[in-house]
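Subject: Structure handover

Hello,

Here is the structure we talked about, with the sequence. My notes on it follow below.

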Amino acid sequence: MIENSSLILVQVICLLSFAATIAWTVMVTPMRVAPSASWRFALANFSILIGMLLYTQRTFEPSYLHWLIADNIILVGFCLLRWGAQRLYHLNSSYQFDIGVLLVTCGFMLMVQPQAENASYLMIILSLAASVLFFMLAKDHYTAFKANFTAFATYWLVVPIFLIGLLFFIRSVILIIYPEKVATYAAFNTEQSIPVLWTYIVLILVVNILIIGNTINRLVVKIMTLANKDPLTDLWNRNALQKKLTAEHERWLRDKVMYSVVLIDIDHFKQINDTHGHTAGDEVLKLTAKRLSKVTRKIDFLCRFGGEEFVLILPNTTEQQVLCVADKLQQTLAEIDFKWQGTPIQIQASIGCVTITESLAVDSLLQLADKAMYEAKASGRNCIKSAN
């Protein structure tokens, strides 16, 4: 029998797990917020709920359902937390490793009879497996966060998950050294277990709050990215260009680091649309964006300026260097072998360049690059002109 105080806390744990299951289900439908990850988080909380309900039915009689199966359902819930995080952050799947942990855990648990007399041993195995899964979950979050957050923010977001794994590991060590303390650290039906039950309540709250916060953050980042991306070519758009141009100009004013702007206009694009259709024109734009992206540096900023025009910002690039880059871009486009429904389409471009100088304002750079590009078109197209 579970004592009243312990029973209330177990009921609170079940209620929190149930509420979290409902919340994540709502995230899947109708909200459609990271659905592939959210349904895994929903199943994770549901697994913890089922495991806790099975725990409440434990007696002194041997029972595979209320011991071995209940423990492994809890571990499946921890695995689902990790799989959901991997889907959320687009990380490599760890299904094989995690299932291996479950199988090893189950194998060790099967070595003893599932009953109260072996509670210490069973809880040691469960705690060790749980600590491994939470340590790996912390590693997944660290991998996802370090590319987008400062080191300080990354550690503060990862540390709570790591501490959960550490708590499970500490519990297993305590039970190895002091197996007689099983009533305090492993049971759910005694007054001594109340601190552990409170710990479970805090863990459920912390994990779900962290993951919900990270999911919302991921959604916000995705919305912001979409707002600054061209849907056809997946390049940055005009809005993002202005921000990048302003940032580079501020660096120029502060540190005198030169930068250049290249405006690329596909020649005879209207003719491609009129002759072959807009679908062919879209394919030309996508292929152009893909090839240009391959020959630019990581620090360069390529965007679709509008229509058939692309703008490339080249940090730390002089007037002589930008002409070499423009020549490389032109050759890259000329080498494209593109056919539409069996008909070859030649891709050429007129290119205008400008490099920042003391006398130029940031607002005039694009105008000068545009003017140089039109001079290139007036010179017969498929050539390069510099505003400098």
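The lining of the second largest pocket divides by class into 6 nonpolar, 5 polar and 4 charged residues. Please keep in mind that this is a predicted model. H8 provides the largest share, with 6 residues.

Pro231 sits between helix H8 (194-227) and helix H9 (238-255), in the loop that joins them. Its relative accessibility is 80%, so Pro231 counts as exposed. Between Pro231 and Pro35 there are 21 Å in space, C-alpha to C-alpha, and the two are 196 residues apart in sequence.

Last, the cysteines. How many disulfides does the structure hold? The count is 0. For Cys353, the closest cysteine sulfur is in Cys324, and because the two sulfurs are 10 Å apart, they are too far from each other for a bond; the cut-off for a disulfide is 2.5 Å. Cys383 is in no disulfide either, as the nearest cysteine sulfur, that of Cys353, is 11 Å away. Cys353 has 0% relative accessibility and therefore counts as buried. Cys383, at 18%, also counts as buried, because the limit for buried is under 20%.

Regards

How values were computed:
Residues numbered from 1 in each chain as written. Predicted model: local features only at pLDDT ≥ 70, side-chain atom pairs only at ≥ 80, totals over all residues. Heavy atoms only, no water. Helix = DSSP H or I, 4+ residues; strand = E, 2+ residues; numbered from the N terminus. Buried < 20%, exposed > 50% of the residue type's maximum accessible area, 1.4 Å probe, protein only. Nonpolar A, V, L, I, M, F, W, Y, C, P; charged D, E, K, R; others polar.
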